[in-house]
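Subject: The structure you were after

Hi,

Here is the structure for you to open up.

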Amino acid sequence: MDKENTGLLAGPDGVARCFWHGNLPDYLHYHDHEWGRPVADDRRLFEKICLEGFQSGLSWLTILRKRENFREAFANFEFDKVAAFTDKDVERLLGNAGIIRHRGKIVSTINNAKRAREMADEFGSLAAWFWKFEPGKDERPVIVDLAHLRANPTTAVSVRISKELKKRGWSFVGPTTVYAFMQAMGLVNDHLEGCVCRKEVEKERRAFKRPK
């Protein structure tokens with residue numbers, strides 16, 4: 001299986017999957033059980049967009065392996081709790097070797113928690129706001145292959161969401177970060193054609209009740 005051309009890699013079970021997990025057990029589990037499956041839970045959505053911001057300039061595997069540390073450090077990403085963090089919390093987090101100690105990203109997460117609360121109050125939930133941007137069929141490729149993903153690290157929709165979030169005061173939410181969030185949270189199904197998870201995820205998306 002030529003992953004350089006197809007983007008597919010046989011797992012330990014011999015089944016074809018998107019190549020990027022590299023058959024690392026924790027990354028493989030994330031690929032099979034989380035990535036691309038639709039999410040309507042506000043806590044998980046907030047966690048993911050924050051962690052995508054922390055990933056900027058790093059690999060997702062680095063963040064994934066620190067995720068439990070991040071959850072402990074940031075009150076399990078309950079945005080009402082994070083919104084109440086103070087300068088003392090910033091200093092505490094800067095001293096936490098288990099997370100990414102980047103002042104700008106830490107401060108951004110606290111700021112974004114406040115913005116998330118505002119949006120949840122206005123729209124009923126964070127999920128309702130994000131899911132209203134779900135791309136229509138005319139905004140999606142007929143076939144999701146490696147060439148398409150390489151050519152589209154951002155999309156018109158991710159650019160639109162990024163601009164709207166920034167207008168609302170969010171930070172570390174550029175179009176690439178937003179598109180990675182969309183892929184992970186199931187707003188799109190970017191499992192490659194031929195990946196064992198693609199049909200499973202599509203089935204979940206069809207059954208998924210969109211938040212309103």
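Below are my notes on cavities, aromatic rings and a set of annotated residues.

Keep in mind that this is a predicted model.

**Cavities**

I'll start with the empty space inside. Rolling a probe the size of a water molecule over the atoms shows where such space is left. Two cavities of 30 Å³ or more turned up.

The largest cavity has a volume of about 90 Å³. Helix 3 (42–55), helix 4 (60–73) and helix 11 (175–185) each give at least two residues to its lining, and helix 3 has the largest share, with four residues. If you want to colour the lining, pick Tyr 30, Glu 34, Trp 35, Arg 44, Glu 47, Lys 48, Leu 51, Trp 60, Arg 67, Arg 71, Ala 184 and Met 185. By class, that comes to six nonpolar and six charged residues, with no polar ones.

Two of the lining residues, Lys 48 and Trp 60, also make a contact of their own: the charged end of Lys 48 sits over the ring of Trp 60, 3.2 Å from the ring centre.

The second largest cavity holds about 50 Å³ of space. Around it you'll find Ile 49, Cys 50, Gly 53, Phe 54, Lys 105, Ser 108, Thr 109, Asn 112, Ser 171 and Phe 172. Helix 3 and helix 7 (103–123) are the elements that supply two or more residues here. This lining divides into five polar, four nonpolar and one charged residue.

**Aromatic rings**

Next, the rings. A pair of aromatic rings is described by the distance of the centres and the angle of the planes. The count for this model is 16 aromatic pairs.

Take Phe 46 and Trp 170: their ring centres are 6.5 Å apart and the planes are at 65°, so this pair is edge-to-face. Phe 46 belongs to helix 3, while Trp 170 is in the loop between helix 10 (156–167) and helix 11, so to speak a link between distant parts of the chain, 124 residues apart. Both Phe 46 and Trp 170 are buried.

Phe 74 and Phe 85 make a stacked pair, because their planes are at 20° with the ring centres 6.2 Å apart. Phe 74 is in the loop between helix 4 and helix 5 (79–83), and Phe 85 is in the loop between helix 5 and helix 6 (87–94), so the pair ties together parts that are 11 residues apart in sequence. Phe 74 is buried, with a relative accessible area of 0%. Phe 85 is buried as well, at 14%. Arg 92 lies over the face of Phe 85, at 5.3 Å from the ring centre.

Which residues do the ring pairs link into a cluster? Phe 46, Phe 54, Phe 70, Phe 74, Phe 77, Phe 79, Phe 85 and Trp 170.

**Annotated residues**

Finally, something from the records. The unreviewed UniProt entry has a "binding site" annotation covering Cys 18, His 31, His 191 and Cys 195. These residues are spread over 178 residues of sequence, yet they cluster in space, with a largest C-alpha distance of 10.5 Å. From this set, Cys 18 is part of the lining of the largest pocket.

His 191 is in the loop between helix 11 and helix 12 (196–207). Is His 191 buried or exposed? It is buried, with a relative accessible area of 0%.

Cheers

Technical notes: Residues are numbered from 1 along each chain as its sequence is written. This is a predicted model: local features need pLDDT of at least 70, side-chain atom pairs count only at pLDDT 80 or more; totals for chains, interfaces and linings use all residues. Side-chain values use heavy atoms; hydrogens and water are left out. On a 1 Å grid over the protein atoms alone, a cavity is a set of points where a 1.4 Å probe fits but cannot get out, and a pocket is an open set with protein on both sides within 12 Å along at least five of seven lines; lining residues have an atom within 4 Å of a point. Grid points are joined across faces, edges and corners, and a volume is the space filled by probe spheres set on the points. Ala, Val, Leu, Ile, Met, Phe, Trp, Tyr, Cys and Pro count as nonpolar, Asp, Glu, Lys and Arg as charged, and the others, Gly among them, as polar. Rings of Phe, Tyr and Trp (its six-membered ring) pair if their centres lie within 6.5 Å; planes under 30 degrees apart count as stacked, over 60 as edge-to-face and the rest as tilted. Buried means under 20% relative accessible area, exposed over 50%, partly exposed in between (1.4 Å probe, protein chains only). A charge sits over a ring if NZ of Lys or CZ of Arg is within 6 Å of the ring centre and within 35 degrees of the ring normal. UniProt positions are given in the numbering used here, feature names are shortened, and annotations may be inferred rather than shown by experiment.
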